[in-house]
Amino acid sequence: MEEFKTIIALDGPAGSGKSTVANMLADRLGYIHADSGAMYRTLTLALMECVGPGDQPEEFGERLRNYVYDPGALGVEVALDASRQSNRLRGQDVGDRIRTPDVTARIRYIADSRACREVVNELLRRFARLTPLVADGRDIGTVVFPETPAKFYLDASVNVRALRRLADFQKQGAQITLESLEREIAARDEQDRNRPFGALAQAPDAILIDTSHLSPNDVVHRILSRLQIQF
Ligand code: CDP
């Protein structure tokens, strides 16, 4: 553990509020927010460009079965610039392009790959040797940094999580129904909880926070007050 700076691990399912809370916490503490989901998303986009996205996600998965994974050749660059994580593909910032439904629908093929998970985990550990982190994801407290004492697991009902996503999409002017988001979130929960390694799980020593009826500020306050006890 000594090789790493302080790490706050935030895990939980899609829409539980991890990213917003991680950003706010990192700002408050002067830490960097390491967004592991963005790393999986950037790898997914890179592979979609490399092998072609296919009309359906399953076709993309099929194309990847014969692909020999070579992270160096993909042009993915995840770096810490000016105190934040930047996600680039062949020199271009892809922060917006990685959050489309087409990418989300294909991530499972990358998140299920042990080779891809090792690339992401090693990158997170490299960051943690350089700077204190608020790291969010699915397996941060269980697999990536199991030694950190600061572990939180954020959760909320499927309905609340879908409503949050709906609000995000509406801000971007996208047409999408609550029912389709509920279906997508429930399907992703199922995939995230059942992958053979790096599955979504609450570490035994993680503090559970149900964010269903809490504002991001409330969640940040709860985490900060727990941290005062720990450190
Ligand atoms: O923002 P949202 O919760 O939709 O997802 P994200 O955090 O950007 O992560 C997208 C997907 O990447 C998740 O549904 C997981 O399948 C995968 N992921 C993972 O397997 N392990 C992580 N540590 C983070 C993300």
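In the side chain of Arg 165, an N or O atom lies 2.8 Å from an oxygen atom of the ligand. The protein covers 95% of the 530 Å² of accessible area that the ligand has on its own (Shrake-Rupley method, 1.4 Å probe).

This is a predicted model, in which local features need pLDDT of at least 70 and side-chain atom pairs count only at pLDDT 80 or more, while totals for chains, interfaces and linings use all residues. Residues are numbered from 1 along each chain as its sequence is written, and side-chain values use heavy atoms, with hydrogens and water left out.

Nitrogen atoms of the ligand also take part: one is 3.0 Å from an N or O atom in the side chain of Asp 139, and a backbone N or O atom of Arg 138 is 3.1 Å from a ligand nitrogen.

## Shell around the ligand

The shell has four nonpolar, four polar and nine charged residues (Ala, Val, Leu, Ile, Met, Phe, Trp, Tyr, Cys and Pro count as nonpolar, Asp, Glu, Lys and Arg as charged, the others, Gly among them, as polar). Helix α2 (36–51) and α9 (178–194) each supply at least two of the shell residues (helices are DSSP runs of H or I, at least four residues, numbered from the N terminus). The most comes from α2, with four residues.

Key. Polar contact = N/O pair within 3.5 Å; in protein donor to acceptor, adjacent residues only side chain to side chain.
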